[in-house]
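Good morning, and thank you for joining.

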Amino acid sequence: MNPLADALVAPLDMRGDAVLIRPDGSEMSGDALHRLSGRIANVLTGVGVQPGDRVAMQTEKSAEALALYLACLRTGALFLPLNTAYTTAELDYFLGDAEPRVAVCAPAAEAVLRPVANAKGITLLTLDGTAVGTLVERAAEAPEEFATVARCTDDLAAILYTSGTTGRSKGAMLSHDNLLSNADALVETWRFTSSDTLLHALPIFHAHGLFVAINVLLRVGGRMIFLPRFDVDTVLAQLPRATTMMGVPTFYGRLLGDARFNREVTRHMRLFVSGSAPLLAETHRAFEARTGHRILERYGMSETTMSTSNPYDGERRAGTVGLPLPGVESRIVDAESGIEVPQGEIGILEVRGPNVFKGYWRMPDKTAEEFREDGFFVTGDMAQIDADGYITIVGRAKDLVISGGYNVYPKEVEGEIDGLEGIAESAVIGVPHPDFGEGVVAVVVRESGSKLEAKDIQAALQDRLAKFKQPKAIFFMGELPRNTMGKVQKNALREMFDDVFTEL
Ligand code: AMP
């Protein structure tokens, strides 16, 4: 038995039909992907990979990169995908911390990484986005038959390093059961079947593109239009072949920015899913007005994969992340006392269920800190639950602003600013303030053509927000800094505006 390989990889061998469709129209059949995973599995074991060893990957998205993930499942190795944006200095940390047996990198990065790999005794192989590199060369010579190694439900399958906006990035250890139970919960909740073709434009180094998208589609025997990256023209060209799409909010915002994206081109679609960052309620409404589809928003994180989702049939409530998935329990507690807050109040969201990870790699203390005694995991997200059980994420606990001793939830202030005529979006942060400890700062993006000034915003908020929540300074930017997953980089903003009050 090997839970994930049996569920996701073995069935591919029976499939002569396409599993992956590339933007140029070329396809890879299930059995071809299965054979490739067997060849790569032989390459891995050939260089000494044993069950439990880590295999790191920092490469462009490709069928071969996906096959490497599947090969890891078959060999019992822990798949360790790394964001392609990481620099060599960052890689040095990850390779030192995870101590992988093998690392697969872009051919262009090989020269820089070679000394690091040699020093750490790591076998370094290469792969680019077009099936070129030493991994593919070796795989071509390796046999395609591979006897999948036995694994248990509790054995680890992958390590995902968290984005690590504060302190060292932590490796979330995910087991076979974590990933398989989550794929099953999503299949059930979102009604995926073998008739589905998913438009896949997400990166595969992150839980969203890797576990939510790929695991679900492999689980049901569906297909993926596998795009190297998100690009409006390509997405519009490929949409007619898809039944479903998963994306980060930025994808949907960009599609709405193009007049060709309309009711006609989306008429045949069954489902649009959004997650990884908050989807503005306004984007949700604009999307429905334009296409007639209500985006289904879900919430999760590297440590828990998916925890909540809006319903498929019931009401998809804009601005909320829906209800806990089947098998997942949630509660909102007071950050300090850990005691559940009354319904409707804001607190820290905690979750428990088969989706919750096994702990942080080689950080037992950090792991212990983030779990309650009864097994609930402290997500670090502030949230509230409405009377019908729908959860709204109010922001990360560490983004909470405490000004003059009062709690200011950035999302509440952002919501008020975003609702003003002429505003595209905003980000609210707290920065050091000599009197108040932290002062509220709003960074605002205007809609094109808008002449709105800081004083207009301040005047508009006068009657809408308590004084202590009103921004003490407002700055305008052309766009907010975001990472690849569409998350606003509040750390970068805090650094940028760090001294606005202390300099006064
Ligand atoms: P990551 O581990 O990189 O997937 O980041 C997880 C974090 O992304 C969560 O803890 C949330 O803060 C945020 N996140 C994910 N999905 C949503 C969502 N639908 N709405 C708001 N925040 C989200």
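A cavity here is a set of grid points where a 1.4 Å probe fits but cannot get out, and its lining residues are those with an atom within 4 Å of a point. Please bear in mind throughout that this is a predicted model.

With that definition in hand, which residues line the second largest cavity? They are Leu179, Asn182, Ala183, Phe211, Val212, Asn215 and Thr305. This cavity has a volume of about 40 Å³. Helix H7, residues 176–190, and helix H8, residues 207–220, each contribute at least two residues to the lining. In terms of class, four of the lining residues are nonpolar, three are polar and none is charged.

Let me stay with H7 and H8. Their axes approach within 9 Å and cross at roughly 75°. H7 is therefore roughly perpendicular to H8. On the H7 side, the contact involves Leu179, Leu180, Ala183, Asp184, Leu186, Val187 and Trp190, and these meet Phe211, Val212, Asn215, Val216, Arg219 and Val220 of H8. The contact between these helices comprises ten nonpolar residues, one polar residue and two charged residues.

How many cavities of 30 Å³ or more does the structure hold? There are two. Strand E3 (54–58), helix H4 (88–98) and strand E5 (102–105) each provide at least two of the lining residues. Ten residues of this lining are nonpolar, one is polar and none is charged.

Two further helix pairs deserve attention. In the pair formed by helix H2, residues 30–46, and helix H3, residues 63–75, the axes come within 8 Å and cross at roughly 65°. The crossing of H2 and H3 is right-handed. H2 contributes Leu33, His34, Leu36, Ser37, Gly38, Ile40, Ala41, Leu44 and Thr45 to the contact, while H3 contributes Ala63, Glu64, Leu66, Ala67, Leu68, Leu70, Ala71, Cys72, Arg74 and Thr75. By class, twelve of these residues are nonpolar, five are polar and two are charged.

The last pair is helix H10, residues 249–256, with helix H12, residues 281–291; here the axes come within 10 Å and cross at roughly 45°. Why is H10 described as oblique to H12? The crossing is at roughly 45°, and angles from 65 to 115 degrees count as roughly perpendicular, whereas those under 35 degrees count as roughly parallel; H10 is therefore oblique to H12. The handedness of this crossing is left-handed. Tyr252, Gly253, Leu255 and Leu256 of H10 make the contact with Thr283, Ala286, Phe287 and Arg290 of H12. Five of the contact residues are nonpolar, two are polar and one is charged.

Thank you for your attention.

Methods
Residues numbered from 1 in each chain as written. Predicted model: local features only at pLDDT ≥ 70, side-chain atom pairs only at ≥ 80, totals over all residues. Heavy atoms only, no water. 1 Å grid on protein atoms, 1.4 Å probe; cavity = no way out; pocket = protein on both sides within 12 Å on 5 of 7 lines; lining within 4 Å. Points joined across faces, edges and corners; volume = space filled by probe spheres on them. Helix = DSSP H or I, 4+ residues; strand = E, 2+ residues; numbered from the N terminus. Nonpolar A, V, L, I, M, F, W, Y, C, P; charged D, E, K, R; others polar. Axes fitted to C-alpha atoms, helices over the stretch in contact; angles between N-to-C directions. Parallel < 35°, antiparallel > 145°, perpendicular 65-115°, else oblique. Left-handed = near helix turned anticlockwise from the far one by under 90°. Contact = heavy atoms within 4.5 Å.
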